[in-house]
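Subject: Structure for your review

Dear colleague,

Please find below the sequence and structure that I am handing over to you. My findings follow it.

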Amino acid sequence: MPALVVGGSLIWTAAAGVRGAAGADAPFYANTFEKVPSAAAMTDIGRALFFDASLSASGKTACATCHDPRRAFGPPDDSPVQRGGRDGRRPGVRAVPSLMYTQNIPPFTEHYFDDEGDDSADQGPAGGRTWDGRAQSAHDQARLPLFSPFEMANASMKAVVAKVRRARYAAQFRGTFGDKVFDDEELAFKAVLMALETFQESPAEFYPYSSKYDAWLRHETSLSGDELRGLAAFNDPAKGNCARCHPSGMRQGAFPQFTDFGYAAVGAPRNLALSANADRRYFDLGLCGPLRTDLADRKEYCGLFRTPSLRNVCVSSLGRCGALLRRARDPAAEMVSAWEERSHAEIRRFARTVSRQRRILGSL
Ligand code: HEC
Ligand code: HEC
């Protein structure tokens, strides 16, 4: 899978028109602008777009409204979902993920082969953006919130481009992509998507590897006894077994993402706080729908969601980090269906390790 180790540099070289780099995405990255935009200029424009609430139908909702930079580009508060739409009041249907450490998510495939491990094993579905992988890249993904009726709710590409043309950074936009960029709506919209993607590939803001855990991996600090015990439980197949899906170790010199990009059914209980769930016929089944539509007939995929990175999970989703603890305190409740079947003794032993795991999660 050539696009796997993407990171900012490949996107950049591809955007700058260097041949051969972008693979299947070549048509998107091929430079069709009057000017060859620099990565630095696109990052700046992308940042301006990301924080611009005027890009929404309500004028109140920016990308940053739901993806708060102060909380690892995750939700600004602990509500189960955020609101958007034409009036800015319409609740969403899914938890807002952190956008940090997403730079290496491969495009979606039903047959994932992990090159570095046992390369004969087909690990099944992996990759793609959003919880069900229905967007192939960050630029593809950016279309979803711009048009979603409960996110930024724009009626058309034309509407988005008209807003950018009026924005305070419009001159900068022309300076980056060419004076005539707004004459061609499709071209201007492509510039919007590309700038948003390039901004999200900025290492300093999105993947600084600056956690205590990273410092420990660099031998610059030590972990406390509790943190080390937490890490051991996190990794131990007989205890947390978390690292099976949320790998925690260095690989070929690369820092861990705490996700294998694969899909799993953890059997999270129906969240009745979600207004979508007031409709008893509504079930969010991840890969097999309803938001994703191309795999609707694949019953074996129902209930599968992409494994998220756990980096910053105690920063970006305090609620979910806490939920882990609550579940562990009430072991009889959901632990059995969550994280696979275990005997009660195992669950109790696991419950004792969880508070320590929370320590390790807190250090990511
Ligand atoms: C109203 C809240 C809201 C707004 C506004 C919003 N998002 Fe999101 N974002 C979400 C939710 C919810 C998801 C998960 C969607 C899903 O799984 O279907 C998500 C998912 C994503 C993902 C996928 C992350 C991953 O791990 O696969 C990216 C990238 C993203 N958003 C970027 C953006 C950008 C760029 C904007 C602005 C153009 C934006 N979002 C605006 C709520 C929002
Ligand atoms: C079989 C693979 C698998 C294993 C093992 C696993 N997880 Fe996960 N984890 C997932 C998936 C998939 C999700 C997303 C589920 C969803 O949203 O429905 C998830 C979500 C989470 C979340 C919520 C993150 C967020 O951003 O919402 C936390 C916290 C978490 N896991 C911690 C752990 C811990 C701690 C362990 C070990 C006790 C563990 N996981 C074991 C696959 C796994």
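Two residues are said to touch, or to be in contact, if their C-beta atoms, placed from the backbone, lie within 7 Å. In that sense L196 touches G46, L49, F50, H139 and A142, leaving aside residues up to four places away in sequence. Please bear in mind throughout that this is a predicted model.

Overall picture and confidence

The protein has 15 helices and 4 strands. Of its 364 residues, 36% are buried. Among contacts between residues at least 6 apart in sequence, 62% join residues at least 24 apart.

The average pLDDT of the protein is 83, and 79% of the residues score at least 70. Over residues 1-23, however, the pLDDT is below 50, although this stretch has 38 contacts in the model beyond near neighbours in sequence. Residues 327-344 also stay under 50 in pLDDT, and the model has 24 contacts for them beyond four places in sequence. Where pLDDT is low, the predicted coordinates should not be read in detail.

The nonpolar cores

The largest nonpolar core has 30 residues. Those with the most contacts inside this core are L49, A191, V192, A195 and L196. Two or more residues each are given to this core by α3 (39-50), α4, α5, α6 (157-166), α7 (170-177) and α8 (185-200). The largest share, 8 residues, comes from α8. Another core, of 12 residues, lies apart from this one and includes A233, F234, C242 and L361.

The surroundings of ligand 1

Ligand 1 is surrounded by 26 residues, and the closest are C63, C66, G84, W131 and P145. By type, the residues of this shell divide into 13 nonpolar, 9 polar and 4 charged. Both α4 (63-66) and α5 (138-147) supply at least two residues of the shell. The helix that gives the most is α5, with 5 residues.

Which residues of α5 are buried? They are A138, H139, Q141, A142, P145 and L146. These residues lie on the same side of α5, because they cover an arc of only 150° around the axis. In general, an α-helix has 3.6 residues a turn, so residues three or four places apart point the same way. Of the buried residues of α5, H139 and A142 are among the contacts of L196 listed above, and P145 is one of the residues closest to ligand 1.

R134 lies in the loop between β2 (90-91) and α5. R134 counts as buried because 20 other C-beta atoms lie within 10 Å, and the cut-off for that class is 20 or more. Not counting residues up to four places away in sequence, R134 touches G128, L291 and R292. R134 and G286 are 152 residues apart in sequence, yet their C-alpha atoms are 9.7 Å apart in space.

N154 is found in the loop between α5 and α6. This residue is buried as well, with 22 other C-beta atoms within 10 Å. Beyond residues up to four places away in sequence, N154 touches A57, L146, F147, A159 and V160. The C-alpha atoms of N154 and S56 are separated by 6.2 Å, while the two residues are 98 apart along the chain.

Backbone geometry to note

Most residues other than glycine have a negative phi, and most peptide bonds are trans.

- The peptide bond from G289 to P290 is cis, with omega near 5°. P290 is found in the loop between β3 (263-264) and β4 (305-306).
- T130 is not a glycine, but its phi is positive, near 80°. T130 is placed in the loop between β2 and α5 and is partly exposed, with 19 other C-beta atoms within 10 Å.
- Y209, which is not a glycine either, has a positive phi of about 45°. Y209 is found in the loop between α9 (203-206) and α10 (212-217) and is partly exposed, with 15 other C-beta atoms within 10 Å.

With kind regards

Key. Residues are numbered from 1 along each chain as its sequence is written. Chains are lettered from A and ligands numbered from 1 in the order in which they are written. This is a predicted model: local features need pLDDT of at least 70, side-chain atom pairs count only at pLDDT 80 or more; totals for chains, interfaces and linings use all residues. A residue is near a molecule or strand if its C-beta atom, placed from the backbone, lies within 6 Å of it. Ala, Val, Leu, Ile, Met, Phe, Trp, Tyr, Cys and Pro count as nonpolar, Asp, Glu, Lys and Arg as charged, and the others, Gly among them, as polar. pLDDT is the predictor's confidence in each residue, from 0 to 100. A nonpolar core is a set of buried Ala, Val, Leu, Ile, Met, Phe, Trp, Tyr and Cys residues joined through C-beta atoms within 7 Å. The arc is that of the directions from the helix axis to the C-beta atoms.
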